[in-house]
Amino acid sequence: KEHDFENINSLKDFKKNISINDYDTLKPYIDKIVHGEQNVLWNEPIVWFAKSSGTTSDKSKFIPISPSCLRETHYKSGQDVLSLYFKNKPHSQITSGKCLAIGGSHQINQLSAESSFGDLSAVLMQNMPLIGQIMRAPELSIALMDEWEAKLEAITNSVIYENITYMAGVPTWCLVLLKKILEKTGAASIKEVWPNLELYIHGGVSFTPYRHQFEELILDPQFNFTETYNASEGFFAAQDEFGEEGMLLFLNHGIYYEFMPLSEIGSAQPITLSLKEVELGVNYALIISTNAGLWRYQVGDTIQFTSLSPYRIKVSGRVKSFINAFGEEVIVDNSDNAIKEACEKTGAKVSDYTAAPVYMTQDGNGAHEWIIEFAHLPVSKASFMEIVDLELQKINSDYEAKRHKDIALRMPIIHQMPIGGFSQWLKSKGKLGGQHKVPRLNNDRKILEDVLHFMAQEYK
């Protein structure tokens, strides 16, 4: 009623009547639903919410999940991920065993007498059809445990003797689990524990820095990896061709897409593009309208199209996850690839990292300051950083220009986080496990200073 939906008869009307939203602008409506009011944003009963939050903020988002959203977006997309895999691997045997699903670390909780919430993975598991429950491990009572370290121990003990044929989850926590399983069993590789394991479905963060570590743990040259792009707000895309960059954009799953050029962010009336107007290799902020009532909602991710027939995308970063303090416009895609190249050239293994700017002062020019956790570092950290710096200059001409003769940016500063340090930092924030991730790039120093303070206190 407030936006005169009954008189929207064209895309032009739609854009005119409804401005671009984020969680804060939709929050007054969502709060009404949380407290039991219905038919506020969507015409189905909303009794489930996916809880999502920032890494350092106590503020939580409660993303509404409608019956259509569960059925037509999340579950349908999950089925399509497997269908796309079978298209590429028609003789696959993954359905002969179980999927090891590393989900969120929160139980289902009551918001009110009428509604419940949890991590998206917990909500999906709780509502999953019986066939899905039978095909996954660990059992629901373990999957929904709240305390991550106890949960990790319980998962390890419960799945060692299962016939695991594929696995899914955020790379960071899957690596932690796989290492624990090898430690517990004494096996030389994960394939010794699960001989029929053939697929890892990953998403949530760039897989570039992690792929080599998985390959070393699994030790199977025929093993398959497939990428997905799903979030609390919806399931957007999945890899449809091995060897092809990008994921197939899901266009029939209850979501309408718009694409905002980054130059429009912050505009009073930002221009958005439809699919027929997008170009290859350009960064866009993703805007969605969903079958749970998120109208023209800015997800916060930036994407690039890698193909226009069919429409394939890759996630290039976050709208707020970049460094552009000096006009260098470094995005996560840049930093992930620079880290990958430095690892390949030195033999190093990076577990996690975060970076932020050092601002110019009267006494000196600016820099980027990095905190990197290495699983293995065979060279000095300064040597590793030199390669990262050179790779960033190759990838990003704006960064290269700012680094030229140290005019705007001097050599990056690097701190080495002790092994397991980022996990301990997340734990100190109550964000250990599940879907929580270390923010890669930040255009202010808030997170970096928080991590540095943590390191000073914990690793004196």
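**A buried residue and its surroundings**

Guide: Let us begin with Asp336, which counts as buried because its relative accessibility is 2%. The model in view is a predicted one.

Visitor: Which helix holds Asp336?

Guide: Asp336 touches Ser206, Thr208, Pro209, Tyr353 and Arg440, leaving aside residues up to four places away in sequence. Its own place is in a helix that spans residues 332-346, namely H11.

Visitor: Which residues of helix H14 are buried?

Guide: Helix H14 covers residues 421-428. What covers its buried residues includes H8, strand S18 (349-358), strand S19 (367-376), strand S20 (413-417) and helix H15 (446-458). The buried residues of H14 are Gly421, Phe422, Ser423, Trp425 and Leu426.

Visitor: Which residue with a positive phi follows H14?

Guide: The phi of this residue is near 70°. The residue that follows H14 is Gly430.

Visitor: Are helices H3 and H4 roughly parallel or roughly perpendicular?

Guide: The axes of H3 (residues 67-88) and H4 (residues 120-127) come within 12 Å and cross at roughly 110°. Angles of 65 to 115 degrees count as roughly perpendicular. Therefore H3 is, relative to H4, roughly perpendicular.

Visitor: How many residues of the contact of H3 with H4 are charged?

Guide: On the H3 side stand Leu70, His74 and Tyr75, which meet Leu120, Val123, Leu124 and Asn127 in H4. The residues of this contact divide into 5 nonpolar and 2 polar, and the number of charged ones is none.

Visitor: Which strands are at the edges of the open sheet?

Guide: The open sheet is formed by 11 strands with mixed pairing, in the order S6-S3-S7-S8-S9-S10-S11-S15-S14-S13-S12. An edge strand pairs on one side only, and this applies to S6 (136-137) and S12 (255-261).

Visitor: Which helix packs on the sheet and touches S3, S7 and S8?

Guide: The direction of this helix makes about 135° with that of S7 (164-169). Its residues are 171-185, and its name is H8.

Visitor: Which residue in S14 stands opposite Ala285?

Guide: Strand S13 (residues 284-290) and strand S14 (residues 297-308) run antiparallel and are joined by 4 bridges. Opposite Ala285 stands, in S14, Thr302.

Visitor: What is the radius of gyration of the chain?

Guide: The chain has 15 helices and 20 strands. For 460 residues the globule rule gives 23 Å, and the value for the chain is close to that, so the chain is as compact as a globular protein of that length. The radius of gyration is 22 Å.

Methods:
Residues are numbered from 1 along each chain as its sequence is written. This is a predicted model: local features need pLDDT of at least 70, side-chain atom pairs count only at pLDDT 80 or more; totals for chains, interfaces and linings use all residues. Side-chain values use heavy atoms; hydrogens and water are left out. Two strands pair if DSSP finds at least two bridges between them. Helices (H or I, at least four residues) and strands (E, at least two) are DSSP runs, numbered from the N terminus. Contact means heavy atoms within 4.5 Å. Axes are lines fitted to C-alpha atoms, for helices over the stretch in contact, and angles run from 0 to 180 degrees between N-to-C directions. Angles under 35 degrees count as roughly parallel, over 145 as roughly antiparallel, 65 to 115 as roughly perpendicular and the rest as oblique. Ala, Val, Leu, Ile, Met, Phe, Trp, Tyr, Cys and Pro count as nonpolar, Asp, Glu, Lys and Arg as charged, and the others, Gly among them, as polar. Buried means under 20% relative accessible area, exposed over 50%, partly exposed in between (1.4 Å probe, protein chains only). The radius of gyration is taken over C-alpha atoms; the globule rule is 2.2 Å times the number of residues to the power 0.38.
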